[in-house]
Amino acid sequence: MNAYRHNAIINTFNSNPTEEQITQLTKENKRLKDFIIKLYEGTDYTVNDMVSMDNNCYGMAIWTLTNIYPNESFYQKIKKED
């Protein structure tokens with residue numbers, strides 16, 4: 001993992017984002033939204049899509065994996081925005 005990605009994760013974990021903040025970010029970033037939806041649906045996700053996320057979204061994706069998943073109500077909120 002390069003230093004930029006490492007710092008993105010540290011910055012995200014230090015900010016302790018809420019589900020609402022992540023939901024808002026998914027409205028602005030389709031790759032993050034797709035990542036979360038595919039995670040909950042159990043479908044394949046292309047690693048290149050995650051690699052090409054900006055640092056903020058990358059950190060939020062890791063945060064979602066470690067601190068929110070699995071949470072059906074969060075998934076429904078993200079999915080509803082479709």
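This is a short tour of the structure above, one selection at a time.

**Before you click**

You are looking at a predicted model, where local features need pLDDT of at least 70, side-chain atom pairs count only at pLDDT 80 or more, and totals for chains, interfaces and linings use all residues. Residues are numbered from 1 along each chain as its sequence is written, and side-chain values use heavy atoms, with hydrogens and water left out.

**Stop 1: the whole chain**

The C-alpha atoms fill a box of roughly 35 × 25 × 20 Å along the principal axes. The radius of gyration is 12 Å, which agrees with the value near 12 Å for a compact globule of 82 residues. That radius is taken over C-alpha atoms, and the globule rule is 2.2 Å times the number of residues to the power 0.38.

Now colour by pLDDT, the predictor's confidence in each residue, from 0 to 100. The chain's mean is 86, and 98% of its residues reach 70 or more. Which helix has the lowest confidence, and which the highest? Helix 4 is lowest, at a mean of 75, and helix 2 is highest, at 92. Where pLDDT is low, the predicted coordinates should not be read in detail.

**Stop 2: helix 3**

Select residues 30-41. This is helix 3, with 12 residues, and from its first C-alpha to its last it reaches 16 Å, close to the 16 Å expected at 1.5 Å a residue. The expected span is 1.5 Å times one less than the number of residues.

Look at N29 at the N-terminal end: it caps helix 3, with a side-chain oxygen 3.1 Å from the backbone nitrogen of R31. Just after the helix, G42 takes a positive phi of about 75°.

Next, show the side chains of L32, K33, F35, I36, I37, L39 and Y40, which are buried. Buried means under 20% relative accessible area, exposed over 50%, and partly exposed in between (1.4 Å probe, protein chains only). What do the buried residues of helix 3 pack against? Their partners are helix 2 (19-28), helix 4 (47-51), helix 5 (55-68) and helix 6 (72-80).

**Stop 3**

In soluble globular proteins, nonpolar side chains tend to be buried together.

Zoom in on M50. Leaving aside neighbours within four places in sequence, M50 is in contact (heavy atoms within 4.5 Å) with R5, F35, Y45, Y58, A61 and I62.

**Stop 4: helix 5**

Select helix 5. It has 14 residues and reaches 19 Å, close to the 20 Å expected. At its start, a side-chain oxygen of D54 comes to within 3.2 Å of the backbone nitrogen of N56. Its buried residues are C57, Y58, G59, M60, A61, I62, W63, T64 and I68, and they pack against helix 1, helix 2, helix 3, helix 4 and helix 6.

**Stop 5: the loop between helix 5 and helix 6**

Pick P70, which is found in this loop. The bond joining Y69 and P70 is a cis peptide bond, with omega of about -10°.

N71 sits in the loop between helix 5 and helix 6 too. Its side chain makes a polar contact with the side chain of S73 (2.8 Å). A polar contact is a pair of N or O atoms within 3.5 Å; within protein, one must be able to donate a hydrogen and the other to accept it, and residues adjacent in sequence count only if both atoms are side-chain atoms. Not counting residues up to four places away in sequence, N71 touches E19 and Y40.

**Stop 6: N16**

Finish in the loop between helix 1 (3-15) and helix 2, where N16 lies. N16 has a positive phi of about 50° although it is not a glycine. Is N16 buried or partly exposed? N16 is partly exposed, with a relative accessible area of 49%.

Key: Helices (H or I, at least four residues) and strands (E, at least two) are DSSP runs, numbered from the N terminus.
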